[in-house]
Amino acid sequence: MERTTAKPLRDVIAPGLDVLFCGINPSLLSAARGHHFARPGNRFWPALHLAGLTPRRLAPEEDGELPRYGLGVTNLVDRPTRAAAELDPVELRAGAVALAELVARYRPRVLAVLGITAWRRAFDRPRATTGPQPERIGGAATWVVPNPSGLNAHHQLPDLARIYGQLRGP
């Protein structure tokens, strides 16, 4: 596993993962703690476990364990903010280019982008919907899945778990 250190919140990544999850950008709390999805109301960790992707519910401080389960995590934009709405389109588009390069380098089987609005803006796909995407990013099959933030009331935890469980495939 490689932990990149040039970013305020390092990537947790290794070659050939089953799924690389891509968040929008770090929250201020995640950046301060140095771990992905560190906000108490974030549903990423419980969703992974309920989806059967991890054998138990991991804590944010255990994000470095993800590659043991064929999983990894990165962000589209490195800059921490209070809310993803603070990001500008230039940052998102630059993040899309960097993400494609990262995926091409590490070659995960699936890239899962966490958030439809960020996907639409970063990749200039204004009409995209969630689910598998027609294009591959960096050579990986690409999905857009719901953001696990507690602020995203459109999808409840069982929905997230069901959708995330589809990423690993049969």
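Predicted model: local features only at pLDDT ≥ 70, side-chain atom pairs only at ≥ 80, totals over all residues.

Visitor: Which residues of helix α5 are the buried ones?

Guide: In α5, which spans residues 157–165, they are Leu-160, Ala-161, Ile-163 and Tyr-164.

Visitor: Moving to the nonpolar cores, how many residues does the largest one have, and which have the most contacts inside it?

Guide: The largest nonpolar core has 26 residues, and those with the most contacts inside it are Leu-76, Leu-99, Leu-111, Trp-119 and Phe-123. Two or more residues each are given to this core by β3, α3 (89–106), β5, α4 and β7, and α3 gives the most, with six residues.

Visitor: What does Phe-123 touch?

Guide: Once residues up to four places away in sequence are set aside, Phe-123 touches Leu-76, Ala-96, Leu-99 and Ile-137. There is also a second, separate core of 25 residues, which includes Ala-47, Ala-51, Leu-53 and Val-145.

Visitor: OK, pockets now. What volume does the largest pocket have?

Guide: The volume of the largest pocket is about 800 Å³. Its lining is made up of 36 residues, and Ile-24, Asn-25, Ala-84, Asn-147 and Ser-149 are the ones that lie nearest the centre.

Visitor: Which element gives the largest share of that lining, and how does the lining of the largest pocket divide by class?

Guide: Helix α4, residues 116–122, gives the largest share of the lining, with four residues. By class, the lining of the largest pocket has 15 nonpolar, 18 polar and three charged residues.

Visitor: And how many cavities of 30 Å³ or more does the structure hold?

Guide: The structure holds one cavity of 30 Å³ or more, and the space in the largest cavity comes to about 30 Å³. The residues that line the largest cavity are Lys-7, Pro-8, Leu-9, Asp-11, Pro-26, Thr-74, Asn-75 and Asp-78, and by class they divide into three nonpolar, two polar and three charged.

Visitor: Let me switch to single residues. Is Thr-142 buried or exposed?

Guide: Thr-142, which is found in strand β7, counts as buried because its relative accessible area is 2%, and buried means under 20%.

Visitor: What lies at polar distances from the side chain of Thr-142?

Guide: A polar atom of the Thr-142 side chain lies 3.1 Å from the backbone nitrogen of Ile-137, and a polar atom of that side chain lies 3.0 Å from the backbone oxygen of Ala-140. Not counting residues up to four places away in sequence, Thr-142 touches Leu-111, Trp-119, Gly-131, Pro-132, Gln-133, Glu-135, Arg-136 and Ile-137.

Visitor: Glu-135 is in that list, so where is Glu-135, and what does its side chain join to?

Guide: Glu-135 is placed in strand β6, residues 131–137, and is buried, with a relative accessible area of 17%. The side chains of Glu-135 and Arg-125 are joined by a polar contact of 2.3 Å. Leaving aside neighbours within four places in sequence, the residues in contact with Glu-135 are Trp-119, Arg-125 and Thr-142.

Visitor: What about backbone angles: which values of phi do Phe-37 and Arg-107 have?

Guide: Phi is near 50 degrees for Phe-37 and near 55 degrees for Arg-107, and each of these is a positive value in a residue other than glycine.

Visitor: Where are Phe-37 and Arg-107, and are they buried or exposed?

Guide: Phe-37 lies in the loop between α1 and α2 and is buried, with a relative accessible area of 14%. Arg-107 has its place in the loop between α3 and β5 and is exposed, with a relative accessible area of 54%.

Visitor: Last one: what is Ala-38 in contact with?

Guide: Setting aside neighbours within four places in sequence, Ala-38 is in contact with Leu-29, Ser-30, Arg-33 and Pro-60. Ala-38 lies in the loop between α1 (28–33) and α2 and is buried, with a relative accessible area of 5%. Ala-38 and Thr-74 are 36 residues apart in sequence, and their C-alpha atoms are 14 Å apart in space.

Methods
Residues numbered from 1 in each chain as written. Heavy atoms only, no water. Buried < 20%, exposed > 50% of the residue type's maximum accessible area, 1.4 Å probe, protein only. 1 Å grid on protein atoms, 1.4 Å probe; cavity = no way out; pocket = protein on both sides within 12 Å on 5 of 7 lines; lining within 4 Å. Points joined across faces, edges and corners; volume = space filled by probe spheres on them. Nonpolar A, V, L, I, M, F, W, Y, C, P; charged D, E, K, R; others polar. Core = buried A, V, L, I, M, F, W, Y, C linked by side-chain atoms within 4.5 Å. Contact = heavy atoms within 4.5 Å. Polar contact = N/O pair within 3.5 Å; in protein donor to acceptor, adjacent residues only side chain to side chain.
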